[in-house]
Amino acid sequence: MHTLNIGILAHVDAGKTSLTERLLFEHGAIDRLGSVDAGDTRTDDGAIERQRGITIRSAVAAFTVGDTQVNLIDTPGHSDFIAEVERALEVLDGAVLVLSAVEGVQAQTRVLMRTLRRLRLPTLVFVNKVDRAGARTDGLLDDVRRLLTPHVAPLTSVRDIGTPHARVLAAPLADLAEPLADVDPDLLAAVVDGPAPTPADLHKALAAHTADGSFHPVFFGSALGGQGVADLVDGLVRLVPPAPTAVSGAPRGTVFAVRPGPRGERTAYLRLYDGEVTERQRLTLLRRDADGRTVEVAGRVTRLEVIGGSGPLTAGNIAAVTGLAGVRVGDRLGELSEQAAQFAPPTLETVVSARRPEQAAPLRSALLALADQDPLIHARPAPDGTTALLLYGEVQLEVLAATLAQDFGIDTDFEPGRVRFLERPRGVGEAWLERPWLDGTRFWATIGLRVEPGERGCGGVFTYETELGALPRAFHQAIEDTVHTSMRTGLCGAAVTDYRVTLIRSGFVAPLSTAGDFRGLTPYVLRRALEQARTRLYEPYHTFETEIPLDALAPVTAQLSSLGAEFTGTTGGGTAWVITGELPARRVREMELRLPGLTHGEGMWWSRTSGDRELRSH
């Protein structure tokens, strides 16, 4: 038996969780169909998920068909929880992108397909809700080819679409010849010059180009009614190849989800690529901290629950692993590889505080625990008891507030979100204090620091010009840690990034000096050096693409211009206009809210982060 790890991706309300329920039910993994409205689905098992009727956290469930075990990873559809989708993508062998036959292609659908195509992940498209009034096929396929990818073709068709009697039928295999010829030169030659490709030729080309992510089969159906689901499963088993695995050698894998237990323990969901993991085995996981240093997390497996099976965790499979204290999402087993982010990082910053002062410390602990499940929120405690967070949007904020209240018993207040700015050093600055205890600072330490710009993307780098043995190791570590912590707030109040700080002088007084002296003096010296270097303030930008009706070009471009957009292109003009450009991230939400009114509800918007630029008014 081999395993396929398949992600179910979609925009909100496309029927993603209902499809997961149908797949599990049809193959005997559950004995009855759950309902999103009733709040009793298998994968949306959190109280808040059931209350809101949306998926917030990725969940895994398995079913078996023939000699194949399919692990389904049900991912959130709301854009505020795109980080959950990003983590799931790392462990997938293939994906099913769910569309609604009624609502059609949405902005979130386009974001997902762009990412899937960039990863060349085998992806099948499932057009859901064919039995709903307003469902369509031909027009929707035109939208898919125009907005998502031209390299698609239906493997099924629908009779009586848009009615409760809708039936799904197999499409003629010969209809695949021309669409496949667009991505297969050999097939193109056969179509143009003959002899005509045989069914075996078409099957072979379909499997090859689905596997390499260059072609996307389309299946029609209904998750609620069950129509077309069997065809989708057949397509998954035939067209998505399992990832290559190695059963021998050291275990290698990725933690893509972490769930807290009732007694404070953590359960990590681990996808294994090579080797084997057993209960009682000691594992060492690796990660990079915010400053780029490698961190090791070691522990012994106390419980191992293989998804859809039992026994040891083998290559290609997923298991829930307990016993790894301190485990976080994104930890790597076996080796630490660099993974490029697939989606934009959060840029909305907010500050949260406890309504009751005595809950300030429990709030900080709760937020740090939640940050282990979602590292992208970047919980950053402040001395006044508040905590700064990075979020994607208001829905995520509301869910976080509900989680703190229900799971931790803490009522909170959130400040209005603001776009997160960054600072970078302008030039070089140096500062030092020798024997500061004579200057009234009372720190038994000597520190000299140089601040200068670092390479773009380096974050923060700390180096030495002093002799490493000149200070005890604990004093060196205290300086380095405090430098990185202090750089979270620069001269303009934003976090400083892409800096290089060098220790140029050091000294201590034995036996009076302590690590606390170096932690206390470092921010003072660093601030003086940073004031000499000065900083520039940068704001994040988004690359955008918007498709609008012909008569909306003037008002939309005028609105974009007023918000500071820089245009890179305007194409179309036949049935619609497509405008591309870049826009300050702080203006994106305003444009998203204004677009429906400017386009009579027909405009579509897509954007993602595109780096940052120096703030013009600064």
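Is Y269 buried, partly exposed or exposed? With 21% relative accessibility, Y269 counts as partly exposed (buried means under 20% relative accessible area, exposed over 50%, partly exposed in between, with a 1.4 Å probe and protein chains only).

A quick word before moving on. This is a predicted model, where local features need pLDDT of at least 70, side-chain atom pairs count only at pLDDT 80 or more, and totals for chains, interfaces and linings use all residues. Residues are numbered from 1 along each chain as its sequence is written, and side-chain values use heavy atoms, leaving out hydrogens and water.

Rings of Phe, Tyr and Trp (its six-membered ring) pair if their centres lie within 6.5 Å; planes under 30 degrees apart count as stacked, over 60 as edge-to-face and the rest as tilted. By this rule there are five aromatic pairs. F256 and Y269 make a tilted one, because their ring centres are 6.3 Å apart and their planes stand at 55 degrees.

Next, select F544 and W605. This aromatic pair is stacked, with 5.1 Å from centre to centre and 10 degrees between the planes. F544 is buried at 1% relative accessible area, and W605 is buried too, at 8%.

Last stop: pick R424 and Y538. The charged end of R424 sits over the Y538 ring, 4.6 Å from its centre (that takes NZ of Lys or CZ of Arg within 6 Å of the ring centre and within 35 degrees of the ring normal). Then try R505, which lies over the face of W432 at 4.1 Å from the ring centre.
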